[in-house]
Amino acid sequence: MMKKKNADIEDLLTTFADHIAGSYPEPKQFRDNIVSLLEQKRKGKTESDYILSLEKNIIFLSDLVIEGEAFLEMLLSQINDESPVDVKVENYLQEMESRVRANIPERYDEIFSGQKNEEFAELIDARDEGVTAYLEKLSFTYFYLTTFRMLLFEFLNILCVVREEYVIGRVDFAAPGHLISHIEMTANYYLGNVGVGEITADEED
């Protein structure tokens, strides 16, 4: 058996950053691509149908992110085990997407039933401000969740590859939050909400 090399959480983040920089377009082009994606979703739809589509997409993406974060915590909890749980990440993520998608009708009724829902309180409040404000909030939320979901899944794939060759140090109770915070900052960087210096500062905290 090949002896594993040593790495730590910051090495994981460096590998992640290098991969994203080499695989993703520059932030402006990235944002343009997402805007184009949303424009395609709107074609041929009435305003109400478009709003409904965005609402369901946001529920799907939000629940997928929550499950993805739980999967990240599970992987970290056994990352240095002698025999780590054999998880085929692509299969697991596909199963996760199918499971979340199947729950959308029930989740939609739960969130948009007219009763106050704390989970999506800001979105519900924006709906009460009129169609223009609501569409703006829906678009912003869709952009963010789409980007975060993409980056989170990229990180999960990287983690599963790295753990085959490395013993990962500095994995403690704070590690999942630290990693997720970095992924969030990277998502905001690609969406133009923060500058690259702010991500660097976050790493030093």
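Guide: What follows goes from the chain as a whole to its salt bridges, pair by pair.

This is a predicted model, in which local features need pLDDT of at least 70 and side-chain atom pairs count only at pLDDT 80 or more, while totals for chains, interfaces and linings use all residues. Residues are numbered from 1 along each chain as its sequence is written, and side-chain values use heavy atoms, with hydrogens and water left out.

The chain has nine helices and two strands; helices (H or I, at least four residues) and strands (E, at least two) are DSSP runs, numbered from the N terminus. The order of the elements from the N terminus is β-α-α-α-α-α-α-α-β-α-α. Of the 205 residues, 43% are buried, where buried means under 20% relative accessible area, exposed over 50%, and partly exposed in between (1.4 Å probe, protein chains only). Among contacts with a separation of 6 or more, 79% join residues 24 or more positions apart; a contact means heavy atoms within 4.5 Å.

The structure holds six salt bridges, each defined as a side-chain nitrogen of Lys or Arg within 4 Å of a carboxyl oxygen of Asp or Glu. In general, side chains of opposite charge can pair when their charged atoms come close.

One of the bridges joins D63 and R107, at 2.7 Å from N to O. D63 belongs to helix α3 and R107 to helix α5 (residues 104–111), so this pair ties together parts 44 residues apart in sequence. Both D63 and R107 are buried. A network of salt bridges links D63, R107 and E110.

Helix α3 also supplies E67, whose partner R99 sits in helix α4 (residues 89–102), 32 residues away. The closest N and O atoms of R99 and E67 are 2.6 Å apart. R99 counts as partly exposed because its relative accessibility is 37%, and E67 is partly exposed at 26%.

A further bridge, between K137 and E122, has an N to O distance of 3.0 Å. K137 is partly exposed at 23% relative accessibility, whereas E122 is exposed at 57%.

Helix α3 (residues 47–77) also contains F71, which is buried because its relative accessible area is 1%. F71 and L156 are 8.3 Å apart, C-alpha to C-alpha, although 85 residues separate them in sequence.
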